[in-house]
Amino acid sequence: MSAPLRLMAVHAHPDDESSKGAATMARYVREGVEVLVCTLTGGERGSVLNPKMDRPEIVANIAEVRRAEMARAREILGVEQRFLGFVDSGLPENEDEALPEGCFALQKLEDASAPLVAAVREFRPHVIITYDDDGGYPHPDHIMTNRVSVEAFEAAGDPDRYPGAGDPWQPLKLYYHMGFTKERFEALHEAMTERGLGSPYSDWISRWEDRPAKWPVTTRVPCGDYFEIRDEALMAHATQVDPDDGWWFVCPRELQQEIWPTEDYHLARSLVDTDLPEDDLFAGIHADEVEPACH
């Protein structure tokens with residue numbers, strides 16, 4: 001038997017794995033792919049975004065609560081997951097606000113990347129998925145997550161870099177999440193409007209700048225059958241998502257499955273030949289390139 005394919009998803013905080021690429025991961029896990037989520041921070045400075053969970057005992061123990069939520073989401077998705085030990089930077093309320101000392105976003109790139117390089121060399125993924133260089137949205141931890149993901153992709157296969165972090169391993173493809181595109185939200189908006197459901201997206205779309213996408217979608221992974229698992233995993237992060245009144249669930253799941261049954265990505269790096277557009281993150285990776293993992 002050939003060794004299984006391996007996918008690594010690199011995220012900033014617990015809950016990010018369930019809002020970005022969760023259905024993709026759920027699909028691949030159930031097709032026999034090994035999937036590891038690397039969560040760079042513990043989400044210690046995250047706000048309680050679900051009013052029903054905004055209670056003193058939750059706020060006082062937010063780090064422990066978010067770890068427990070992550071454990072539940074991990075079980076639902078069926079993935080492996082590990083925290084890489086950095087401290088959440090928080091989201092500044094204005095551009096002039098200083099980030100807290102010692103937080104993830106203020107680490108030197110080499111220090112911030114070392115644990116991820118070690119994880120790549122141990123897990124030996126063929127594909128890595130993460131955020132674009134704007135972080136998907138400009139949270140300092142998301143931007144730093146992109147930087148360390150690119151660094152790990154480029155350095156993990158080089159025996160002269162990060163000595164002592166394990167035997168070199170070169171991933172073959174690096175993708176950026178492209179879930180928040182104007183095209184997708186326009187399609188969902190039109191479908192909801194046509195069905196008389198009312199759309200929460202109209203104001204957002206009206207303010208969207210009409211300019212070419214910085215990172216065009218190259219890869220659409222069909223995974224609509226796994227949207228229910230995605231939603232269950234996201235709801236496990238109860239401090240972050242309100243399952244009754246939350247924005248995430250305004251568009252009916254069945255409509256999403258009909259109108260936009262994919263999760264979308266930009267192929268940022270590839271060491272294999274592949275034809276664009278793709279419908280598979282492992283497109284172009286052949287059996288002779290799939291080596292056993294060391295973990």
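UniProt, in an unreviewed entry, places the feature "binding site" at His13, Asp16 and His142; such positions are given in the numbering used here, feature names are shortened, and annotations may be inferred rather than shown by experiment. These residues span 130 residues in sequence, yet no two of their C-alpha atoms are more than 9.6 Å apart, so they gather at one spot. The model is predicted: local features need pLDDT of at least 70 and side-chain atom pairs count only at pLDDT 80 or more, while totals for chains, interfaces and linings use all residues. Residues are numbered from 1 along each chain as its sequence is written, and side-chain values use heavy atoms, with hydrogens and water left out.

His13 is found in the loop between strand 1 (6-11) and helix 1 (16-19). Helices (H or I, at least four residues) and strands (E, at least two) are DSSP runs, numbered from the N terminus. His13 counts as buried because its relative accessibility is 5%; buried means under 20% relative accessible area, exposed over 50%, and partly exposed in between (1.4 Å probe, protein chains only). Leaving aside neighbours within four places in sequence, the contacts of His13 (heavy atoms within 4.5 Å) are Thr39, Thr41, Gly43, Arg66, Asp88, His139, Asp141 and His142.

Asp16 lies in helix 1 and is buried, with a relative accessible area of 4%. With neighbours within four places in sequence again set aside, Asp16 is in contact with His11, Tyr131 and His142.

The cysteines come next. The structure holds 0 disulfides, a disulfide being a pair of cysteine sulfur atoms within 2.5 Å. For Cys103, the closest cysteine sulfur is that of Cys38, 20 Å away and so too far for a bond. Cys103 is buried, at 0% relative accessibility. The sulfur of Cys223 has its closest cysteine sulfur in Cys251, at 15 Å, which is also too far for a bond. Cys223 is buried as well, with a relative accessible area of 2%.

Trp247 lies in the loop between helix 9 (227-236) and helix 10 (253-259), and counts as partly exposed because its relative accessibility is 34%.
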